[in-house]
Amino acid sequence: MKGIGKTLLLIGATSDIGRATAITYAEAGWDIHLTGRTHAAVQREADDIAARTGATVTVHELDILQTARFPAFLGDVSSLPNTVVCVVGELGEQFRAEKELEHATMVMRTNFEGPALLLGLLAERFAARGSGTIVGISSVAGDRGRASNYVYGAAKAGLTAFLSGLRNRLSRSGVRVVTVKPGFVRTRMTDGMKLPPLLTAEPQEVAQKIFAAAEGGSRSDVVYVRGIWRPLMTVIRSIPESIFKRLRL
């Protein structure tokens, strides 16, 4: 589906998934608003994407942790986008989060508080207009808390619940809310980790799933990038707590 005259707001443009998503939309003819913490880094991405695709790409500085600046940021965006995709995330380090309050706070705020508050503000504007699509990137880690990453998982569980509630509230407003759960993705964030090939997606694969879910006519509300994750997480969620707490997951 070509997007001539349509605009994407991409939150988290310097991530691998963010870059792949921006290129996918740009190649389909969309105008792109890119955001990131450092203007120079986002500008490099914008210049490259524009050169590759010929799309109109603009740059906006945004730190997802500076929530008080969100209203001003939205005021700086020249027009309300047709679609917003938020790919912001920070895996963090579980062992540090267990001992360092500052690190745990950063992981929780980056993965839940910041994205949820920003998407909530955009949702109000979309609802007033009567149209728009919101895509939030959550994680299978939020489907059930596991000892190996429960701080990150808890934040993603919060985002999943927020998106679910937002979708329920806006279901008759003309606004779509889509939750995407990539599972393992081969990115800089997972560099050095041993990832199972069957469960591991590439950034471009995630981007294509996002575009198909948001713009391709699919009515799926919750998308697992690799379908095997849906039955796998159903099984994991069904394990009794008395057994689950003895597993090394």
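Tutor: Let's start with a word we'll need: a residue is buried when its relative accessible area is under 20%, exposed when over 50%, and partly exposed in between (1.4 Å probe, protein chains only). This is a predicted model, where local features need pLDDT of at least 70, side-chain atom pairs count only at pLDDT 80 or more, and totals for chains, interfaces and linings use all residues. Residues are numbered from 1 along each chain as its sequence is written, and side-chain values use heavy atoms, with hydrogens and water left out.

Student: How many helices and strands does the protein chain have?

Tutor: We go by DSSP runs, numbered from the N terminus: helices are H or I with at least four residues, strands are E with at least two. On that count, the protein chain has nine helices and nine strands.

Student: And what is the radius of gyration of the protein chain?

Tutor: That one is taken over C-alpha atoms, and the globule rule to hold it against is 2.2 Å times the number of residues to the power 0.38. For 249 residues the rule gives 18 Å, and the chain comes close to that, so it is as compact as a globular protein of that length. The radius of gyration is 18 Å.

Student: Why is strand β6 largely enclosed by the rest of the structure?

Tutor: Look at both faces of β6: Val175, Val177, Thr179 and Lys181 sit on one side, with Arg176, Val178 and Val180 on the other, and all are buried. The strand covers residues 175-181, and it is largely enclosed because the buried ones number seven of the seven.

Student: Is Thr200 buried or exposed?

Tutor: Thr200 lies in strand β8 (residues 200-201). Contact means heavy atoms within 4.5 Å, and, not counting residues up to four places away in sequence, Thr200 touches Phe184, Val185, Arg186, Leu195 and Arg226. Its relative accessibility is 2%, so Thr200 counts as buried.

Student: What separation do the C-alpha atoms of Phe244 and Arg146 have?

Tutor: Phe244 is in helix α9 (residues 241-244), and at 7% relative accessibility it counts as buried. Leaving out residues up to four places away in sequence, Phe244 touches several residues, including Arg144, Gly145 and Arg146. Phe244 and Arg146 are 98 residues apart along the chain, yet their C-alpha atoms are separated by 8.9 Å.
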